[in-house]
Structures are given as C-alpha cells and as structure tokens.
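Hi everyone, thanks for coming.

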Amino acid sequence: MEQSFIMIKPDGVQRGLVGDIISRFENKGFSLKGLKLVSVDRAFAEKHYADLSARPFFNALVQYIISGPVVAMVWEGKSVVATGRKIIGATNPSDSAPGTIRGDFAIEMGRNVIHGSDAVESAAREIALWFPEGVVGWTSSLHPWVYEK
Ligand code: GDP
Ligand code: MG
C-alpha cells in the first residue's frame, strides 16, 4: 500500500494544530505508520529540501524548518500521496482552497504549516531520510469499513 511522508512544520506545532491535522488524515481513513516529534539541524533540513537548493527562498526555508520541533509522520493508504496533497492544499496559502489545511490555517508560503510528499518516489526518499529505523507494520481493524477489498 502507498505511503506518504507528512510533516507538521514548526509553526503548526507552535500554533497547536497537531491534533487537528492528524484528525484530518485519520478521518479520511488513512493509517498512521510512523510518528515522532523531532528538531532537525541545518544539514538535515538542507538534505530534505535538496531539490530546492538553487531557489532564492532556500535559506529562509531551511531556517524556518529548523526554527522549532516538527512532527514527522508516515501515512498509508490508497493514493495517499496525491490525496494528501489535496488535503494539504496549494503551496501558496493565498491559492489554497478553504477546507484544506493551508487554506484553513495559513496566510504566507514561508509559514504554510505542513509538508507532504509530491510523488511516490519522493515519498520513499523522504521516509528513508526521516525514518531510517523503519516504520510500524500494522493493519487497522477498520480496514474493511474503509476499503471495498
Ligand atoms: P510544497 O511541496 O507545496 O511544500 O512546495 P515546494 O516543494 O515547492 O516548496 C517547499 C516549501 O518551500 C513550501 O512549502 C514553502 O514553505 C516554501 N516555498 C516554496 N516556494 C516559495 C516561495 O516562492 N517563497 C517562499 N518564501 N517560500 C516558498
Ligand atoms: Mg514539495
């Protein structure tokens, strides 16, 4: 089953949005497979965002991510990468639809509360980076009430 790396950024933690954000993924029917509160250093944040290293906002982005603890998660489910991006909303909160996490909770791109993998391949890379110890294998007893088979 598909997995996505979802991270509540330091502003989401500071603003007390952790419970609400987790509820949105749980209520959808996705399964939580990994979860930890961590502070990462500059080198780690630069590795996570390596694809964006040439962008003008890169230093500010890294500074933002290391400014406080983040909640790192692995969520699993059918099409969780693409659907997770829809739950999160557009990168710029000015364009995020109401009802999405960024649409409901954020105003600026540099304080947009949450990260979600943009493809199955990047999800695998990010999960390996953030959870080198691996995630938890378990199946919800509600599985047949969420999936046809
Ligand atoms: P995401 O996948 O929707 O998170 O967007 P990207 O992967 O393109 O960018 C990663 C993060 O960098 C975004 O979530 C924003 O926090 C930040 N970011 C992206 N573009 C900009 C920008 O133009 N300006 C600023 N200040 N931050 C940006
Ligand atoms: Mg991205």
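At 37% relative accessibility, Ser-79 counts as partly exposed. One thing to keep in mind before I go on: this is a predicted model. Ser-79 sits in the loop that joins β3 to α5. Its phi is near 55°, which is a positive value in a residue other than glycine.

Okay, on to α5 itself, which covers residues 80-88. Which residues of α5 are buried? They are Val-80, Val-81, Thr-83, Gly-84, Ile-87 and Ile-88. Those residues span an arc of only 170° around the axis, so they end up on the same side of α5. And what do they pack against? For the buried residues of α5, the partners are β1, α2, β3, α6, β4 and α7.

In general, you describe two packed helices by the angle between their axes and the distance between the axes. As for handedness, the crossing of α2 and α5 is right-handed. On the α2 side the contact uses Arg-24, Phe-25 and Lys-28, and on the α5 side Thr-83, Gly-84, Ile-87 and Ile-88. If you sort the residues of that contact by type, you get three nonpolar, two polar and two charged.

While we're in α2, have a look at Ile-21, which belongs to that helix. Is Ile-21 buried or exposed? It counts as buried, because its relative accessibility is 0%. If we skip the neighbours within four places in sequence, Ile-21 is in contact with Ile-8, Ile-101, Val-113 and Ile-114. For a sense of scale, Ile-21 and Gln-63 are 42 residues apart in sequence, and their C-alpha atoms are 23 Å apart in space.

Val-113 was on that contact list, so let's go there. You'll find Val-113 in the loop between α6, residues 101-105, and β4. With 0% relative accessibility, Val-113 counts as buried. Val-113 has a positive phi as well, near 75°, and again this is a residue other than glycine.

Now a quick stop in the loop between α5 and α6, where Thr-91 is found. Thr-91 has a relative accessible area of 42%, so we call it partly exposed. Leaving out its neighbours within four places in sequence, Thr-91 is in contact with Arg-102, Met-109 and Asn-112. Thr-91 and Gly-103 are twelve residues apart along the chain, and their C-alpha atoms are separated by 9.7 Å.

Last stop: α7, residues 120-130. The buried residues in α7 are Ser-122, Ala-123, Glu-126, Ile-127, Leu-129 and Trp-130. They take up an arc of only 160° around the axis, which puts them on the same side of α7.

To wrap up, back to α5: its buried residues lie on the same side of the helix, and α2 and α7 are among the elements they pack against.

Conventions: Residues numbered from 1 in each chain as written. Chains lettered and ligands numbered in written order. Predicted model: local features only at pLDDT ≥ 70, side-chain atom pairs only at ≥ 80, totals over all residues. Heavy atoms only, no water. Buried < 20%, exposed > 50% of the residue type's maximum accessible area, 1.4 Å probe, protein only. Helix = DSSP H or I, 4+ residues; strand = E, 2+ residues; numbered from the N terminus. Arc of directions from axis to C-beta. Contact = heavy atoms within 4.5 Å. Left-handed = near helix turned anticlockwise from the far one by under 90°. Nonpolar A, V, L, I, M, F, W, Y, C, P; charged D, E, K, R; others polar.
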